[in-house]
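Student: I have a protein chain on the screen and would like to learn how to read it. Can we go through it step by step?

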Amino acid sequence: MGCYNSTVINAPADKVWAVLKDFHNLSWAKNVVAKVAVIGDKSSTEVGAKRILNDAFHETLLWLDNDEMTFTYSIDDGPAVVSKDNVTGYVGEVTVYSVSDSDASFVLWTSKWASEKGGGVADFCNPIYHAILQDLKSHFS
């Protein structure tokens, strides 16, 4: 069970990472994220940082590694099939890689979960991640 989405962005990996690692700022995802509510007092790059996206997706930053340009987060509750009543153990991971033959970046966004009732999590989440990555790509063009 899981989701897999990726894109190549015509920008250096460190610049793409600088945008992505800010857990509390998704202003670049303007076609997907209309609102980010910061919950608690943890900084946007501090493990345990919490956010609510679009008044619906409750997420927590689980791990952030600047050297490896990766972070993981959980969806703690959300709408429809990603609600806490329907899915358990949802963890997403975002990693930025440098493309070795150019000054571009490869961004990989994956997720997995322990169990789901009724199915449909990947069908629900994959189009969202695809759209977010398209917004990220547009941000750098």
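This is a predicted model: local features need pLDDT of at least 70, side-chain atom pairs count only at pLDDT 80 or more; totals for chains, interfaces and linings use all residues.

Student: How many helices and strands does the protein chain have?

Tutor: Read the elements from the N terminus on: β-α-β-β-β-β-β-β-β-β-α. The secondary structure therefore comes to 2 helices and 9 strands, counted as DSSP runs.

Student: What radius of gyration does the protein chain have, and why does it agree with a compact globule?

Tutor: The C-alpha trace spans about 45 × 35 × 25 Å along its principal axes. For 141 residues, a compact globule would have a radius of gyration near 14 Å, and the value for the protein chain agrees with that: 15 Å.

Student: Which residue of strand 8 stands opposite Ser 6?

Tutor: Strand 1 spans residues 2-9 and is joined to strand 8 by 8 bridges, with the two running antiparallel. In strand 8, the residue opposite Ser 6 is Leu 108.

Student: How many residues of strand 8 are buried?

Tutor: Buried means under 20% relative accessible area. Across the protein chain, 43% of the 141 residues count as buried. Strand 8, residues 105-112, is mostly covered, and its buried residues number 6 of 8.

Technical notes. Residues are numbered from 1 along each chain as its sequence is written. Side-chain values use heavy atoms; hydrogens and water are left out. Helices (H or I, at least four residues) and strands (E, at least two) are DSSP runs, numbered from the N terminus. The radius of gyration is taken over C-alpha atoms; the globule rule is 2.2 Å times the number of residues to the power 0.38. Buried means under 20% relative accessible area, exposed over 50%, partly exposed in between (1.4 Å probe, protein chains only). Two strands pair if DSSP finds at least two bridges between them.
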